[in-house]
Structures are given as C-alpha cells and as structure tokens.
Amino acid sequence: FQEVDQVATLGRLAKWAAQPMSAEEIPGIMAEAVRQALGGRPGPVLLALPEDLLDELAPDVDGAPSPRAGIARATEDEIRSVLHLLAGAERPVILAGAGVLRARTSTELLKFAELLHVPVIASWRRADVIPNDHPLYLGMAGLGAPAVVRERLAAADAILVLGSRLNEATSYDYTIPAADQR
C-alpha cells in the first residue's frame, strides 16, 4: 500500500523511463520505449504503468514499432584505409570489446588478426573476446591487467578499436590512445 515514483527512482538505472498517465498515451510511449531500447547503444528502459491503467484498453495502433535499423556497414574505402593503417604500422594492436561479443564475431576477429598478424587486447572485463590461449592474445586492458598490456597499448603506433568504449578503465584514465597514436 505504498507508492513510489518509479520513473524518478528506478528510471535513473535505465536508459530511458516514462509513465503514461492515460491509455491514449500508451502507444506513443511504447513506440518510444522500443526506439530508446534498441537505438544507439542498446539498453533497458522502464515503463511504469499506474495500477488504474492496467484494466484500461489501449487504442488500436496501425503497425508495430519499427524494428532496429540495419547496421551501418563500412565502405570499401574505409576498409582499405584500416588495412593500410595496420599494414603500415610497426607496432599495431587491436583493442576489442563487448561489441564484438554482442555481434558474435569473435571468430571473424581472430581470422582478421591472424591474417594481418596483429595482436589483440581485450577491453576491460571482456577477456573472452578471443581465446586466451591464442598466441595473438595479449591480455585484458584496465584494472588488474598486467603491466605489459598497458605498455603494449602505449607503445602501439596504430590502435584499431572494435566494439569497445574507451572508458576510464580500458583507456587507463583516458591516456590511451595518446595524441600521437593513430
């Protein structure tokens, strides 16, 4: 028998939060919730439905909320540019993270790294991005990482970041990549 403003309290834990105040608002809020949950970086949303709305009929809507937009693909010129960057570097490294895991492309990443003989460093808390016993796997960046991982990242003259945010832990307090790194 207690009421809580769920949007104000729990909503801060979600990517987006809303509370419809009438049945007529539900379709628009539902469409926005789907857009927010799937758009950009996917994340949870919160819809707080007041008890008095649970027995109401929501108005009919033409069509369901649109699904997630297709994934943007790199152009041939962009791919060529990345290949030239890595092939022309003396100490390249690939920094790979959760996006690789979410896309289920660890196998493709490993084939790519093997083809170019470029070592892979996992972003913080994503040590499973490729098998840890592979010769090209150097370790995980961030808190608790061996010093050699940070040293290798700092010494790299080219870093290809795939599916990773350069957050505070992974970038060693935002010092990597340095201004002179490509």
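Here are legends for a handful of close-ups of charged side chains in this predicted model.

**View 1. Glu32 and Arg35 pair up in helix α2**. Zoom in on helix α2, which covers residues 26-38. Glu32 and Arg35 make a salt bridge here, and their closest N and O atoms sit 2.7 Å apart. Why can these two reach each other along the helix? They are 3 residues apart, so about one helical turn separates them. As for solvent, Glu32 is partly exposed at a relative accessible area of 24%, while Arg35 counts as exposed with 52%.

**View 2. Arg80 meets Asp77 in helix α3**. This one looks at helix α3, residues 76-88. The side chains of Arg80 and Asp77 form a salt bridge, with an N to O distance of 2.7 Å. Because Asp77 and Arg80 are 3 residues apart in the helix, about one helical turn lies between them. Asp77 is exposed, with a relative accessible area of 56%. Arg80, on the other hand, is partly exposed, at 41%.

**View 3. Arg91 and Glu90 form a salt bridge**. Which distance goes with the closest N and O atoms of this pair? For Arg91 and Glu90 the value is 3.8 Å, and the contact counts because the cut-off is within 4 Å. Glu90 is exposed, with a relative accessible area of 67%; Arg91 is partly exposed, with 35%. Over the whole model, the salt bridge count is 4.

View 4. Where does Asp55 sit? It is found in the loop between β2 (45-47) and α3. Is Asp55 buried or exposed? Asp55 is exposed, with a relative accessible area of 73%.

Notes: Residues are numbered from 1 along each chain as its sequence is written. This is a predicted model: local features need pLDDT of at least 70, side-chain atom pairs count only at pLDDT 80 or more; totals for chains, interfaces and linings use all residues. Side-chain values use heavy atoms; hydrogens and water are left out. Helices (H or I, at least four residues) and strands (E, at least two) are DSSP runs, numbered from the N terminus. Buried means under 20% relative accessible area, exposed over 50%, partly exposed in between (1.4 Å probe, protein chains only).
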